[in-house]
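Keep the picture open while you read.

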Amino acid sequence: MATIAPDAPVRPAQRDERAPRPPRSPWRQRLSRWDVKVSPYLYISPFFLLFAVIGLFPLLYTAFVSVHQWDTIGGQGDYTGLKNFVDVLHQPHFWVSLRNTFSIFLLSSVPQVIMAILLANVLNANLRAKTFWRMGVLLPYVVAPVAVGLIFGQIFGDRYGLINSLLNSIGIESIKWHSDVLASHAAIATMVNFRWTGYNTLIFLAAMQAIPTEVYEAAVVDGAGRWRQFWSVTVPMLRPTVIFVVITSTIGGLQIFDEPRMFDQTGQGGSSRQWMTTTMYLYELGWGNQHNFGRAAAVAWLLFLIILVIGILNFLVTRRIASAGPGRGRGRRREPRPDAPATLDAQGAPGTERLGMLTPSTPDREA
Amino acid sequence: MASVPMTAQVAGAGAARRLARKQGLPTGRGYGVQRRPRWVTYVILALVLLISAYPIYYTFLLGSSDAGHIAQHPVPSLVPRGNFLENVRRVFDADIHFWKSVVNSLVIAVITSVSTVFFATLAGYAFSKLQFRGRRGLLVFIIATMAIPTQLGVIPLFIVMSRLGWSGHLIAVIVPGLVTAFGVFWMTQYLESALPTELIDAARVDGCSMIRTFWSVALPAARPAVAMLGLFTFVASWTNFFWPFIILNSDNPTLPMAVQLLQGTYFKDFSLVMAGVALSIVPLVILFVAAGRQLVAGIMQGAVKG
């Protein structure tokens with residue numbers, strides 16, 4: 001591993017080519033050594049400074065706020081212990097919001113991952129104009145969630161909506177997309193799927209292209225057809241990627257706000273809060289009529305803990321399912337490249353799974 | 001038994017196909033990547049493209065209509081009607097500061113993109129190519145922070161911004177976006193493989209200072225990744241709603257906020273609302289046509305999630 005040593009002796013050959021340089025003064029040498037020592041920390045400091053101010057501090061401060069009475073405008077009140085948490089847990093709206101969040105999350109993430117894998121499999125062929133098709137699946141990603149919410153709010157309109165009109169024209173009764181609980185969740189999940197399926201498809205496609213051809217050859221020699229190849233080779237090989245996608249969509253999905261907020265013009269989550277998510281509830285507590293930052297902070301912490309638990313659960317379940325696939329035991333690990341011994345394979349640290357997967361080791365085969 | 005791919009390498013594709021046929025293997029589309037797709041594949045892809053694009057076109061169709069017509073014809077005909085420019089004029093005239101919101105969104109997106117790219121490249125360079133104590137631990141820490149939900153911090157962040165007197169000002173949106181964990185991680189990954197260590201050593205031997213080495217060796221090497229990270233940051237910033245919605249007010253909105261205001265105020269006239277939505281989409285669609293290739297490559301290289 002090459003270290004950047006400032007005081008390394010200058011190679012004679014190189015010195016000969018150049019005009020003779022005046023010998024470095026000790027002062028300059030010290031300066032240079034200092035430069036080498038301090039620079040790396042200087043370079044990474046912007047992130048840590050910013051994180052301390054807008055990440056770490058708020059995290060801890062939320063805990064502080066959550067155990068106080070705290071008015072949005074009036075500010076800090078008395079210390080109340082866990083009262084805010086207890087109050088929140090006694091609010092029916094909190095539980096409704098949790099139910100809605102989970103329902104929307106399941107309706108969006110499960111079909112999305114399945115569709116993305118299938119679509120990636122379709123794209124993983126020697127297509128004509130492949131960049132065009134790839135861009136085609138990604139197009140919805142550039143539409144803001146707010147816009148998606150508005151557009152689909154209209155498409156799923158109860159009276160003048162596109163879908164209901166189409167259903168009526170073939171003799172099916174209108175679905176109450178806004179007033180029915182499950183239908184509203186399905187509509188909102190559709191918005192999420194619209195925006196993210198293509199994105200995840202490309203992630204899966206990249207992972208599929210990194211699967212070595214030899215594995216497929218072996219499967220073909222063993223008499224595997226196309227479906228069998230897909231199930232027994234492609235899907236198990238995608239294990240780390242599935243974990244990555246599921247975890248990131250958990251973090252994002254359980255915080256969903258924009259789409260349900262825009263599903264109707266009041267932004268309350270429906271007349272009986274049938275599609276109010278937990279983040280919408282948090283917003284209502286903090287900035288709605290209640291002006292209660294203490295309770296909002298309690299909700300924030302509860303949400304954080306839930307996301308943490310679900311994330312870990314996801315990780316365990318996905319690993320179990322994917323590694324139970326026939327023909328293979330534990331997941332494939334990328335071998336570290338010989339020229340880079342210091343890859344980021346930290347032992348058992350969070351994110352190891354992600355790192356292993358993200359290391360761009362196999363070059364794009366089509367390049 | 002000679003393997004088919006080996007034959008393909010040695011004797012050409014034709015010989016390989018013949019061998020495969022002889023061995024009773026499926027030809028052509030038998031292998032993952034090499035298989036030649038049939039027309040069914042293109043039909044599926046065309047359908048997907050239609051699903052991707054139709055809602056955007058639908059927005060434009062409604063935006064070029066008028067409220068009465070939408071109520072009578074919920075399924076718009078594929079030919080746009082003639083009211084789009086008129087609706088656009090009404091959007092700009094509406095009491096929602098639409099122009100200001102466009103400028104605001106642009107200012108925020110440009111500043112955060114440039115700054116994120118710069119600081120992320122700087123940090124990524126340090127993490128991937130420089131030696132220092134605690135390097136690995138700090139990097140793992142940065143990655144772990146990506147898992148912290150942003151929503152968790154909005155309350156104290158709001159309190160802090162209000163104390164600073166930033167609430168309602170663009171700076172309250174810009175500062176939290178100056179550098180992201182994701183950006184640092186992405187740049188570290190990229191520079192790890194894209195920047196030869198010898199190049200840095202050479203620059204150092206030639207007497208470059210550390211920052212000079214970064215500026216004239218690392219930064220040029222990072223250029224493709226810089227473009228991609230810049231694009232992703234731009235899109236993320238342009239479409240961001242939750243935090244601006246909380247900290248800014250309706251006199252000084254971003255574009256998604258203006259769209260939300262439009263819906264709240266004029267929900268009875270959906271042609272007007274949809275014209276506004278169409279206007280908010282257009283800039284990114286243009287960007288997508290011009291640079292979508294980079295976005296695709298970016299996702300596929302780094303498995304990104306904003």
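## Some ground rules

Let's start with a word that comes up a lot: a residue is buried if 20 or more other C-beta atoms lie within 10 Å of its own, exposed if 12 or fewer, and partly exposed in between, with C-beta atoms placed from the backbone. Helices (H or I, at least four residues) and strands (E, at least two) are DSSP runs, numbered from the N terminus.

This is a predicted model, so local features need pLDDT of at least 70 and side-chain atom pairs count only at pLDDT 80 or more, while totals for chains, interfaces and linings use all residues. Residues are numbered from 1 along each chain as its sequence is written, and chains are lettered from A and ligands numbered from 1 in the order in which they are written.

Take strand β2 of chain A, residues 75–79: is it tucked away or in the open? Of its five residues, the number buried is zero, so β2 of chain A lies largely in the open.

The partner of β2(A) is β1(A): the two run antiparallel and are joined by three bridges. (Two strands pair if DSSP finds at least two bridges between them.) His68(A) has Tyr79(A) in β2(A) as its bridge partner, and Asp71(A) stands opposite Gly75(A) in β2(A). A hairpin of three residues takes you from β1(A) to β2(A).

## Chain A as a whole

Now zoom out. Chain A has 15 helices and two strands. Of its 367 residues, 42% are buried. Two residues are in contact if their C-beta atoms, placed from the backbone, lie within 7 Å. Look at contacts in chain A between residues at least 6 apart in sequence: 69% of them join residues at least 24 apart.

Where they touch, ten residues of domain 1 of chain A are in contact with eleven of domain 2 of chain A. On the domain 1 side, α2 (26–66) and β1 (68–71) of chain A each supply at least two residues. That side has four nonpolar, five polar and one charged residues. For these classes, Ala, Val, Leu, Ile, Met, Phe, Trp, Tyr, Cys and Pro count as nonpolar, Asp, Glu, Lys and Arg as charged, and the others, Gly among them, as polar.

## A glycine to look up

Find Gly253(A) in helix α11 (residues 239–253) of chain A. Buried or exposed? Gly253(A) has 24 C-beta neighbours inside 10 Å, so it counts as buried.

Which residues is Gly253(A) in contact with, leaving aside its neighbours within four places in sequence? They are Phe105(A), Ser108(A), Ser109(A) and Val192(A). Ser108(A) is 145 residues from Gly253(A) along the chain, yet their C-alpha atoms are separated by 8.2 Å.

## Over to chain B

Chain B has 16 helices and zero strands. Buried residues make up 47% of its 306 residues. Among contacts in chain B between residues at least 6 apart in sequence, the share joining residues at least 24 apart is 72%.

Phe98(B), Ser101(B), Val102(B) and Ser105(B) of α6(B) meet Leu255(B), Met257(B) and Ala258(B) of α15(B). By class, this contact has five nonpolar, two polar and no charged residues.

Helix α8 (residues 154–164) of chain B has several buried residues, including Val154(B), Phe158(B) and Met161(B). Just after α8(B), Gly165(B) takes a positive phi of about 80°.

## Where the chains meet

How many residues of chain B are in contact with chain A? There are 99, and they meet 99 residues of chain A. Helix α16 (residues 270–302) of chain B gives the most to its side, with 16 residues. The chain B side divides into 68 nonpolar, 23 polar and eight charged residues.
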